[in-house]
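Student: I have a chain to look at. Let us go through the terms and test each one.

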Amino acid sequence: MYRTFNPVNNNVIKTYYYLSDKEIEKKLSIADIAFKKWKNISFSERIQCLLHLSNCLYNARDIISCFITKEMGKPINQSRLEINKSISLCKYYSNNIDKSILFKEISSSYKKSYVMYEPIGSILGITPWNYPIWQPIRSAVPNLLIGNVILIKPAINTTECSLFLEKMFLESGFPKGVFQILLIDNNKIEHVIKNDVIQGVTFTGSCYAGSIIGSLSGKYIKKSILELGGNDAFIVMKDIDNIKKVAKLATKSRLNNTGQACISAKRFIVDESIMDDFIHIVIEEMKKYCRGDLYKDSTKIGYISRSDLSDKLNQQYLNIISNGGEICLNLERDDNFFSPSLLKIKQNNTSFLREEEIFGPIGLVISFSKEEQIPDIVNNTLYGLGSSIWTKDLDKAEILSKKIKTGMVFINELVSSDPRFPFGGIKKSGYGRELSILSITEFTNCKTIIMNNL
């Protein structure tokens, strides 16, 4: 048994019960049966189910948005954006992917040679709480299109969101068992992964938890994708024309979803000649993110999703200060609410942050005097998810992007997850890619067929 809590007041929302071992086995059996049917359904029929899902999400967007806001403390306008983004993903895959991606003819001396991509079975998706609708859909849709089925083990604090999403899949015409929610405690994850029904594991979450999931996947020889933390750099060159615009975008990236996003700008790396102006503007922008009614569109910042995460964030803030961090804008905490804050860090005092991911509305500023210093500053982290560069000189930015050790570099754009492009990182940010055409074949059997005459 477990309870979900409203992060605004820590009041109990609902009580739920974990699945018993018998119930887990039943769900796995249902998934196995569903896969044997689903893999033989035509690609066009799968697309139709996906289109119906986008319509169902659109019609229920207000209800789902309220669930997100209630369970994780996200402002309602950002909850709506999450639903809209999920709908866009469904439409992108519906309109841009066809069965031709499952077959590739290879030119050779043989009579006939080709590669085909086949579904492999049931995929376990372990998803986080920060985007409780987007994350399961991002994991599920490519797998369902290829012919796999998926069981989602959601974060327990967003259970109502997850169960409602399961209902949406059924209402959209997806057969029973193709998309299932698995309410299990963490100590049951190995039991599920080792089951022969499960053929792959996709995980989004912390580096620590990801290392456990990766180990279990390896132990039972199951392919895995890990999308873990980030310590993304927001690099600002002195040649920018509009520092106010760039500083506002930096603030937006850092405070989106109350700073609880792996790809938010966590380190502002700024030329020292414009550092003071940049800090001044960011502070003024941060002050506009005020506590308010989460169900009003004017509210731009929400709450840290759980009390234990609030305690961790507060301790990280104190640790940064004790290690020489200079307060530019002081943090004010009231239980799970944190006002935005800004700290200045010296270049030679950042090593203690190499393993840290600050998951909340705390911005860090580091200056540089020479552009040659940038790669070393940016790469001085165990993470390698994304980064952004802000400059008028695109040629210089492109050269710099090749020296930055991340999975994604955005130049004069905020790092974002876009269905058109592969999403993922390197180092302790994980491995494998979600989104784009690449995600369709991540969990497939790439089968080579060679034919020749006798």
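Tutor: Start with contact, which means heavy atoms within 4.5 Å. Helices (H or I, at least four residues) and strands (E, at least two) are DSSP runs, numbered from the N terminus. This is a predicted model: local features need pLDDT of at least 70, side-chain atom pairs count only at pLDDT 80 or more, and totals for chains, interfaces and linings use all residues. Residues are numbered from 1 along each chain as its sequence is written, and side-chain values use heavy atoms, with hydrogens and water left out.

Student: What covers the buried residues of α10?

Tutor: The cover includes β10 (233–236), α9 (243–255), β11 (267–271), β12 (326–329), β15 (341–344) and β16 (362–368). Buried means under 20% relative accessible area, exposed over 50%, partly exposed in between (1.4 Å probe, protein chains only). The buried residues of α10 are M275, F278, I279, I281, V282, I283, E285 and M286.

Student: What span is expected for α10, at 1.5 Å a residue?

Tutor: The rule is 1.5 Å times one less than the number of residues. Helix α10 (residues 275–286) has twelve residues, and 16 Å is expected. From first C-alpha to last, α10 reaches 16 Å, close to that value.

Student: How do you know that the span of helix α4 agrees with its 21 residues?

Tutor: Helix α4 (residues 76–96) should span 30 Å at 1.5 Å a residue. Its end C-alpha atoms are 30 Å apart, so the two agree. Buried residues in α4 include I76, E82, I87, C90 and Y93. Their cover includes α2, α3 (61–72) and α5.

Student: Why are α2 and α5 called roughly antiparallel?

Tutor: Angles under 35 degrees count as roughly parallel, over 145 as roughly antiparallel, 65 to 115 as roughly perpendicular and the rest as oblique. Axes are lines fitted to C-alpha atoms, for helices over the stretch in contact, and angles run from 0 to 180 degrees between N-to-C directions. The axes of α2 (residues 43–59) and α5 (residues 134–146) cross at roughly 155 degrees. Therefore α2 and α5 are roughly antiparallel. Their axes come within 9 Å.

Student: Which residues in α2 and α5 meet?

Tutor: F43, R46, I47, L50 and L57 in α2 meet I137, V141, L144, L145 and I146 in α5. The residues of this contact divide into nine nonpolar, no polar and one charged.

Student: What makes S162 buried?

Tutor: S162 has a relative accessible area of 3%, so S162 is buried. S162 is found in helix α6 (residues 159–171). Neighbours within four places in sequence aside, S162 is in contact with P154 and I181.

Student: Why does N10 count as partly exposed?

Tutor: The relative accessibility of N10 is 26%, so N10 counts as partly exposed. N10 sits in the loop between β1 (2–5) and β2 (12–16). Phi of N10 is near 65 degrees, a positive value in a residue other than glycine. Most residues other than glycine have a negative phi.

Student: What makes N412 partly exposed?

Tutor: N412 has 29% relative accessibility, so N412 counts as partly exposed. N412 lies in the loop between β19 (408–411) and β20 (426–427), with phi near 60 degrees.

Student: How many helices and strands are in the chain?

Tutor: The chain has 13 helices and 22 strands. Of its 454 residues, 56% count as buried.

Note on methods: Nonpolar A, V, L, I, M, F, W, Y, C, P; charged D, E, K, R; others polar.
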